[in-house]
Amino acid sequence: MKQYLTSCHHFLHGADYNPEQWIKYPAILDEDIQFMKKAHCNVVSLGIFSWSLLEPEEGVYDFAFFDQVVEKLTNNGIQIILATPSGARPRWLAEKYPEVLRVGTDGQKQQYGLRHNHCFTSPVYREKVRNINRRIAERYQDQKNIILWHISNEYGGECHCELCQQAFRDWLREKYHNDLCKLNDAWWTGFWSHTVTDWQQIHSPAATGEPDDVLPGLFLDWKEFVTYQTTSFMQEEIAAVKEFTPQIPVTTNFMGPYQHLDYNYMRNYVDVISWDCYPTWHSERGDVIEAYSIAFAHDLHRGLKQKPFLLMESTPSNTNWFDICKLKRPGMHRLSSIQAVAHGSDSVQYFQWRKGRGGMEKFHGAVIDHNGKAEGRVFEDVKNLGILLERIDEIAGGRTNAQAAVVYDYRNRWAIEDAAGFQNVDKKYKRTCINHYKEFWKRGINVDVIDLSHDLSQYKILVLPMLYSIAEKDIKKIEEYTANGGTVIATYITGYVNETDLCYLGGFPGGKLKDVFGLVADEIDSLNPGDRNTVRFHDSQYEAVDYCELITPVTAEPLAFYCSDFYRGKAAALRNQYKQGTAYYIGCRDSGELLHAFYDDVIKNSSLRHYELPYGVTIHSRETEEYEYLFVENYTTQRVEIGMSEAVRDLENDELLPENATVAIDGYGVRVLARPLRKKA
Ligand code: GLA
Ligand code: ZN
């Protein structure tokens, strides 16, 4: 299955596997492998935290146990995603080289413990990681069963040690072409007399020094540096394994809309995108909200490379780290796993294969529980999912045809959440992106979640929720996109600042965006939690909450109006024809109904295919050369029926459904339907 990433795709089904925890239980390995086969699993992620086993003392390597594991998995047809072990280090390493330990924003060096907490600058840590990675790659380079490298685990966090400070300064010197004036201008350091007169004066943002929000330019550069430095660490890891196995692709497991690293930068350095997905099903906010929030995250990972991705971790039952660790209700394992596939995943993988006896994750869901049996509700769910994946295997590798995109920009998130103003408790950037995304989700429209570094030409609709910080080059991109016939939708707080948080002068939104949207946003009113304004759109009234921008139309035509307060009668939403395209601007946040009505208009006037679906039901699709595959997902507990205008084939039971058939979907059910694509002439 090395071909997995090249031509011949198959779905992967498996789990993180930690046999090193069971080294004193020799029967477990053979038993696990038998159980994997029984569960229709075809892959494991191996070695994620195995450093102490593989290098028990500095420079002393012991592969005996791993050799046996790799051999047995191989002989039994289980493929391996092999990890580099940098996510957690052995004690001896931290003891001998304390520089590998992180320093916090308070200047305190951490003691040995936890994981994912190395200094990403430390030359010693980089060297030790390179060494162990090279040893592992060298040892297993000829193993045909290794299909992918799993580089480290969930990179994250930051270090404020002296090595990192110096690396930050060096990075800034390069960024600002060794010109302190440029840096002072970008950071607006005339504010509070914070002018930098020597590169050595620069220090990362710190609770006890310069807090995040005083000089946002410093903060944003620090965040960018953390992504850069983490990526450079990752690149060294990758180079070490590629030295021996250039043919094996690499991934690292991302964490959804995790706000501390810019995955749109990191994506360029891995071959395949993968991520770890832990929804909170059955919580008080309800499964439908959870479903479209998770769908958004899947589409964000697919959007990173605009290609299929891997679901690297999910739980077969529950986690052990939510406030309330609820079990998945019957049907939900299948539904949420197929949700990932519907959005472009070529795998369903779990954390973890087997629950450990000790340690903090012993009560985290697993395929094999402490009873040690390949049976029971969870095991059956996993096994049945494996069987289903085999039945729908022809979809693996299938592309997603998305003609709409919602922009979720990590750097904008840093900027807007750091900005002092508007509403300081929670500006709700991510939630706003998801609320716009939802309007497509509930109408069964595929969406890419991207940032503006991507090619935009394939999209008919581009949504920019709360894109507060926009670099000039991106303003140009939006302008060109619209001029060439695109439909763009922006909201309140768009284009206020550039990429180092300097306000655009001459009116918001900045620069050419004023022409694109045909308006000027003069002021923004923030509402108390209990405050409401009323907005009139067509002949109905809607409720505005949180933000109301006061807008002066220039060429734009007002579509909706405020009905109360001193800005009564002013425009609350506008449309502007800009060259070949159309630009919409929504000046207020609303409680949901206005967005619904607004998108009804926009989508009906577009050529996007969409459905009228019952509440909580959605359709997503993937395509191969010959077929379009429709995934009909029901996140409610009620059975629903949907009429399909064209003939389709149910892939699970190979049943042909004629034109205009009614398709029933049980509560928490999902159906996978194939529709032949008309051959292009
Ligand atoms: C993360 C980690 C895993 C495990 C799971 C538990 O995703 O990568 O090692 O800790 O969380 O949910
Ligand atoms: Zn450091």
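The following questions and answers look at a loop residue, a helix and a sheet in a predicted model.

Reader: Why is Glu646 called partly exposed?

Author: Glu646, which lies in the loop between β23 (640-644) and β24 (648-650), has a relative accessibility of 31%. Buried would require under 20% and exposed over 50%, so Glu646 at 31% counts as partly exposed.

Reader: What makes the link between the side chains of Glu646 and Arg675 a polar contact?

Author: The two side chains are joined at 3.0 Å, and the cut-off for such a pair of N or O atoms is within 3.5 Å, so the value meets that limit. Arg675 is also among the residues in contact with Glu646 beyond its neighbours within four places in sequence, a list that includes Glu659. Glu659 is 13 residues from Glu646 in sequence, with 4.4 Å between their C-alpha atoms.

Reader: How do you know that the length of helix α14 agrees with its number of residues?

Author: Helix α14 (residues 429-441) has 13 residues, which at 1.5 Å a residue should span 18 Å, and because its end C-alpha atoms are 18 Å apart, the two values agree.

Reader: What makes α14 mostly covered?

Author: Of its 13 residues, 10 are buried, including Tyr429, Ile434 and Trp441; buried here refers to under 20% relative accessible area.

Reader: Why are β6 and β8 called edge strands?

Author: The open sheet has three strands in the order β6-β7-β8, with parallel pairing. Strands β6 (253-254) and β8 (310-313) each pair on one side only, and they are the edge strands.

How values were computed:
Residues are numbered from 1 along each chain as its sequence is written. Chains are lettered from A and ligands numbered from 1 in the order in which they are written. This is a predicted model: local features need pLDDT of at least 70, side-chain atom pairs count only at pLDDT 80 or more; totals for chains, interfaces and linings use all residues. Side-chain values use heavy atoms; hydrogens and water are left out. Helices (H or I, at least four residues) and strands (E, at least two) are DSSP runs, numbered from the N terminus. Buried means under 20% relative accessible area, exposed over 50%, partly exposed in between (1.4 Å probe, protein chains only). Contact means heavy atoms within 4.5 Å. A polar contact is a pair of N or O atoms within 3.5 Å; within protein, one must be able to donate a hydrogen and the other to accept it, and residues adjacent in sequence count only if both atoms are side-chain atoms. The expected span of a helix is 1.5 Å times one less than its number of residues. Two strands pair if DSSP finds at least two bridges between them.
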